[in-house]
Amino acid sequence: SAYARPISFIGTGSNDPEDFPEFTILNSEINNCDEHCHFFPESAGAIFTAWNSKINVINCTIGDNSTTADRGGAIFGFDNSIMNIYNTIIYGNTPRQIVIENDYAAEAGPYIVNIKNSLIQGGNGQVYDVTDDNEINWLGGNLREDPLWNISTDNQYFLSEESPCIDAGTLDLPDGL
């Protein structure tokens, strides 16, 4: 395990999604990170996003990360942003898989999460909306069961031959991705 801050993406002052800076995490593995947040009740073990940004998480493995934050997850999204998760496995993270919170939804718009052809442990029940005024789009092809990982001695995650994730992805991604 490593003690680290999550990968963080912070956007702009504009509430217009056309002005949001766009970040992409592609073909990446983030695992076994422990984030010990003592100052804020919201944080993430792997990815933190905030304030008017667009984040694409594509073909990634995010597993066995943790945070001590009360409202934390492997991924924590804060305020008005957009997150697209495609062909990604999010599993074994504590205390939750994905958490979004938006205290300014009425003024700035909702935090939008689009999930497609991904495995999220516990399914849409593990995408937790703290303020209950955001948009979670559970699109087609999603899975919720054990990905049946084989973990190498150097902590690289591989799919076993029996994994439900094999051939479960899609090439149908939004334009530009």
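Where is the place of Asp167? Asp167 lies in the segment after β19 (157–159), and view C returns to this residue. The model is predicted: local features need pLDDT of at least 70 and side-chain atom pairs count only at pLDDT 80 or more, while totals for chains, interfaces and linings use all residues. Residues are numbered from 1 along each chain as its sequence is written, and side-chain values use heavy atoms, with hydrogens and water left out.

**View A. The open parallel sheet.** Five strands, in the order β3-β7-β11-β14-β17, form an open sheet with parallel pairing. Strands here are DSSP runs of E with at least two residues, numbered from the N terminus, and helices are runs of H or I with at least four residues. Two strands pair if DSSP finds at least two bridges between them. At the edges are β3 (22–26) and β17, each of which pairs on one side only. From one strand to the next the twist averages 10°; axes are lines fitted to C-alpha atoms, for helices over the stretch in contact, and angles run from 0 to 180 degrees between N-to-C directions. Strands of a sheet pair through backbone hydrogen bonds, either parallel or antiparallel.

**View B. Pairing of β14 with β17.** The parallel strands β14 and β17 are joined by 4 bridges. One of the contacts is that of Val113, whose bridge partner in β17 is Ile136.

View C. Asp167 is not a glycine, yet its phi is positive at about 60°. Its relative accessible area is 78%, so Asp167 is exposed; the cut-offs are under 20% for buried, over 50% for exposed and in between for partly exposed (1.4 Å probe, protein chains only). Leu148 also has a positive phi, near 55°. Leu148 sits in the loop between β17 (135–138) and β18 (149–151) and counts as partly exposed because its relative accessibility is 33%.

**View D. The salt bridge between Asp172 and Lys116.** A salt bridge requires a side-chain nitrogen of Lys or Arg within 4 Å of a carboxyl oxygen of Asp or Glu. By this rule the count is 1. The side chains of Asp172 and Lys116 meet at 3.1 Å, N to O. This pair links distant parts of the chain, 56 residues apart, with Asp172 in the segment after β19 and Lys116 in strand β14 (residues 112–116). Lys116 has a relative accessible area of 18% and is therefore buried.

View E. The bond from Thr94 to Pro95 is cis, with omega near 10°. Pro95 belongs to the loop between β12 (89–91) and β13 (98–101).
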